[in-house]
Amino acid sequence: MASPRSPGSPGTSPVRPWALLAELTHGCPLRCPYCSNPLELATKSAELTTAEWEDALRQAADLGVVSAHLSGGEPLLRPDLTEIVAAADGAGIHTQLVTSGVGLGRARLGRLADAGLRSVQLSVQHADPATNDLIAGRRSFTDKERTAALIREAGLPLGLNVVLHRHNLDALDALLDLAPAWGADRIELANTQFYGWALRNRAALLPSRERLAVAARTVRRRRAELAEQRIEVVWVVPDYFEGNAKPCMGGWGAISFTITPDGTVLPCPAAAAIPGLDAPTVRDHDLEWIWHRSRTFTRYRGTAWMREPCRSCDLREKDFGGCRCQAFALTGDASATDPACRFSPDHHLVRDLVDAPPAPASPTLGEPRRPARRAAAVAPEEAEEAEEAEEAH
Ligand code: SF4
Ligand code: SF4
């Protein structure tokens, strides 16, 4: 690592964001124990209105945003999802729907596509239907399979999102088989990032180093084969095991931001857990001020805030010192070097976790994510499809 260098760039941003994560609701019909949503979920009554989302999307486009992931929770629970997609498209923002696939029918998907939806990312918990449903906390595998077919029928690009952990890592080959079987263009295999409910359930989710190594070999073996079928395989590295800090969010306040269901604007979806961040909301400030001027966004922007060993490390402009939320979660200090980095003085915190003797095989999945409160009244034209998604609340 490390040759001494100048202290780094100041905390103001000459750059503009291009990506937005729009968390439309924390409501969700599933109860995944690896969910990265916060332990305290935003209530329905606190959610932004349709008009507030439309205004936020116009402001985001003015700021430079060209791509938005419409996520949650389950964004299908917003009865105004079509209007939100149309507002984004009208502002010049491409939208991708990130969904559990529960409660999406042909008619609604058609309306979303007509409004400008560009692609869909569908979560899958396991390739075995019964185990998928066990992890998800409700029957949902057949819904997902049906939704995948509808997405292809609508001509929209389809991505499968799989969060990996000790309860599905051994099924990686079968999960990869789902991509061609369901007509996906892409499959993202994301090793669990330990935030929110996943952090609470870390002991039940963390795989052994040996099983992770087998999984990494499986991905290498299958990637070329699937590339021949024009299927992209994305492997999100498990930073706990690699000894390298991840370049979280491409840098704090560097390229993207998150708007949570109640309008709070964050540099990273997990940043709400950092105390004293004093995150602004779109109800109180415009996005231009929030991005360029708010303390929340300037606090860890650039490299001037860094301490050693990051401050004089040659990698500081590549990984930005890792993840602030993870540094806080593991050390109680959000300005510390991410303990996932092998140069961190706190790296033993991560090593102790991953090098501990593997826990005995256990069916324990961890605590299911708390069910969210019921969604508000659904517009008549969306009622039938939203009802199905709501029923498990
Ligand atoms: S419970 Fe599962 S499907 Fe719902 S938001 Fe969390 S991870 Fe996604
Ligand atoms: S986290 Fe800090 S010390 Fe570790 S490689 Fe990145 S910049 Fe260097």
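Predicted model: local features only at pLDDT ≥ 70, side-chain atom pairs only at ≥ 80, totals over all residues.

Trainee: Which residues of helix H4 are buried?

Mentor: H4 spans residues 129-136, and its buried residues are Asn132, Ile135 and Ala136.

Trainee: What arc do they cover around the axis?

Mentor: Start with the general idea. An α-helix has 3.6 residues a turn, so residues three or four places apart point the same way. Now the case here. Asn132, Ile135 and Ala136 are the buried residues of H4. They cover an arc of only 95 degrees, which puts them on the same side of H4.

Trainee: Which residue follows H4?

Mentor: Glycine 137, with a positive phi near 85 degrees.

Trainee: Now a strand. Why is S4 described as largely enclosed by the rest of the structure?

Mentor: Count C-beta neighbours. A residue is buried if 20 or more other C-beta atoms lie within 10 Å of its own. S4 covers residues 117-123, and five of its seven residues are buried, so the rest of the structure largely encloses the strand.

Trainee: How does the chain cross from S3 to S4?

Mentor: Through helix H3, residues 106-115, in a right-handed β-α-β crossover. S3, residues 94-99, runs parallel to S4, and five bridges join them. Threonine 95 has leucine 117 in S4 as its bridge partner.

Trainee: How many bridges pair S4 with S5?

Mentor: Four, again in the parallel sense; S5 covers residues 158-164. Serine 123 stands opposite asparagine 161 in S5.

Trainee: Take valine 219 next. Is it buried, exposed or partly exposed?

Mentor: Partly exposed, because it has 18 C-beta neighbours inside 10 Å. Valine 219 lies in helix H9, residues 209-228. Leaving out residues up to four places away in sequence, it touches Leu189, Val233 and Trp235. Also check leucine 176: 43 residues separate it from valine 219 along the chain, yet their C-alpha atoms are 8.6 Å apart.

Key. Residues numbered from 1 in each chain as written. Chains lettered and ligands numbered in written order. Buried ≥ 20, exposed ≤ 12 C-beta atoms within 10 Å, placed from the backbone. Helix = DSSP H or I, 4+ residues; strand = E, 2+ residues; numbered from the N terminus. Pairing = 2+ DSSP bridges. Right-handed = clockwise from strand over helix to strand, strands pointing away. Contact = placed C-beta atoms within 7 Å. Arc of directions from axis to C-beta.
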